[in-house]
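Reader: I have a model to study. Can we go through it in questions and answers?

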Amino acid sequence: MRFSQMAVIGPLDEHDKRPTLMIRLADIQEKLFLAESHVRLYEACSKISSMSNFNPFVSLSDKRHPIHDSFSWCKLIHQREQKGDVSFVPLNVFAVPFKQDFRNSIDLGYWFLTRNHEYNSLYGYKRKDIRWIAEVEDMCGLYVLGKMIGTVGVRFWVNILSRTVYSRDNMRLEPNMEGKVLILPPYAVEEYVNDIPAFRTAILEEAANHPSFRANFDQKKEKLEETEFFVGQRMELLDNAYSNQMHVARIQQIKGRRWRVKIQQEDCPTDLDNMLNESQTAKDGEFWVDEESVFVFPVGFAAINGYNIVAQDEYLKHTEKIRDAIKAQQRPAYDPEDIQEIRREAIPVNHWSMIEEGQKFEFLDPLDAKQNELTVATVRKVCTTHGYIIVSADGAEEETVPIHLMSGFIFPVGYAEKYGMTLKKPSNFRGRFAWNKYLAQEAAVCIPEELTKPMPIQDRLEQFEIGAYLEAADMNDNRSILPARIASIHGFSEICNFKLQRPNVE
């Protein structure tokens, strides 16, 4: 230290604000005549902070640009590591959030290959693909805490879908890298310094028999952005201001399972400037939907099921031909730009035959801005398209919604009471609401429970802990994916390059 010509005191990094004396390594190296590898070994073995590194996400696509001002989980993840008072919803309890299923891909104790960044400066301008083996010590959603094998305290957090994470046997050279993949441990491994070949051989032999990523993990990552859909494809979109009508809309942008869709003037016979659903019609509109959203329907849905759609005459004639062909059990003539099918959960034929007009149920209206209560609703029509019904809240019969039975918005009678939720009663019911009285008053029956989405198994439900963190899409402002916490349980953004909005509270 006494040889240093330049030293400063400041925070260690953006996450560790403790005052730290920092000395330029070049000065130490020059005055003590040390090789760079020895300096880095000293640096690794005398690390000031015991906190693990938080490795940035590296996109699988070179076409992706970093998103600035996106919320980072770094602070909360480090808080979990230090205090243990932060929890995250496990990856394997979610429905599939990507085009590929990565649930159960990895677990605690698994070994995996990861980029060893310590060698970056050693090779200078040469781009070498150098990796080492790490063990999973903790998991927070898609993030894992890896510990470099053979080291005492070289730990780091990394997203498993980052480009720098590989299955144990993946030796394919990264694009723009030179030579071949090299397996080299960090400088902090004493055995590595003493006997390079023996140490590497021993670790690689042990790794061959150690649990690791599933065999198809790397192939799934490569296919993460593959999709059967394309920009410009058209669909039928439920109006988010007037649910009793649809429009022709087109995909403007695709990010994973999410689409940015827009109603365009060329597809609409009326002036878009006079419509209230601005997010779906504005020039720079940001209406994002999941590819299985309750807002999207295949081309021809309205014609087949007699639902109101605002469209050009040419489109109406086109979908009428589709309707007639299906009715005649013939193959319909779709245009190449038509979305012909939206994936939905299958309903057995014997269950589908139980649905009838007039049946009552509890409904979570997907167009409700608050999304904090269920409402009494009725099946107004059973659609020709398998699995779909047209519903409306009792007392608002004109505000219909076409929806799939397995959408997750339809609940059996008594659900709100069972799970402590608010149930909005119909305007024509006086006094304290009771289902048995209302069914008798309306001479109606309730929807069979078999026709509602089944409850998850108890083991899965128990992993949704009160206070646990996750990323959630905002139903009211679907441009946003937000960091969120589970506030109560009533039954049941980075990978796709989507900005994770910062919360409005500290």
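Reader: Which residues of helix α12 (residues 435-442) are buried?

Author: First, the ground rules: this is a predicted model, where local features need pLDDT of at least 70 and side-chain atom pairs count only at pLDDT 80 or more, while totals for chains, interfaces and linings use all residues. Residues are numbered from 1 along each chain as its sequence is written, and side-chain values use heavy atoms, with hydrogens and water left out. Helices (H or I, at least four residues) and strands (E, at least two) are DSSP runs, numbered from the N terminus; buried means under 20% relative accessible area, exposed over 50%, and partly exposed in between (1.4 Å probe, protein chains only). In α12 the buried residues are Trp435, Tyr438 and Leu439.

Reader: Which residues of β16 are buried on each side?

Author: In a regular strand the side chains alternate between the two faces of the sheet. In β16 both faces are covered. One side has Lys360 and Glu362, and the other has Phe361 and Phe363.

Reader: Over how many bridges do β16 and β17 pair?

Author: Two strands pair if DSSP finds at least two bridges between them. Phe363 of the pair stands opposite Thr375 in β17. The sense is antiparallel, and the number of bridges is 4.

Reader: Which residue is the bridge partner of Glu362 in β20?

Author: Strand β20 (residues 410-411) runs antiparallel to β16, joined by 2 bridges. The partner of Glu362 there is Phe411.

Reader: Is His247 buried or exposed?

Author: His247 is found in strand β11 (residues 246-255). Its contacts beyond four places in sequence include Met235, Leu237, Ile263 and Val310. Its relative accessibility is 1%, so His247 counts as buried.

Reader: Which side chain makes a polar contact with the side chain of His247?

Author: A polar contact is a pair of N or O atoms within 3.5 Å; within protein, one must be able to donate a hydrogen and the other to accept it, and residues adjacent in sequence count only if both atoms are side-chain atoms. Here the distance is 2.8 Å, and the partner is the side chain of Asp239.

Reader: Which backbone nitrogen lies 3.1 Å from a polar atom of the side chain of Asp271?

Author: Asp271 is found in the loop between β12 (258-262) and α7 (278-281). Asp271 is partly exposed, with a relative accessible area of 37%. The backbone nitrogen belongs to Asp273.

Reader: What is the relative accessibility of His318?

Author: His318 has its place in helix α9 (residues 313-327). Not counting residues up to four places away in sequence, His318 touches Arg234, Val299, Ala333, Tyr334, Asp335 and Asp338. His318 counts as buried, at 12%.

Reader: Which residue with positive phi follows α3?

Author: Helix α3 covers residues 74-83, and its buried residues include Cys74 and Ile77. Among the elements they pack against are β5 (128-140) and β22 (469-473). The residue that follows has a phi near 70°, and it is Gly84.

Notes:
Contact means heavy atoms within 4.5 Å.
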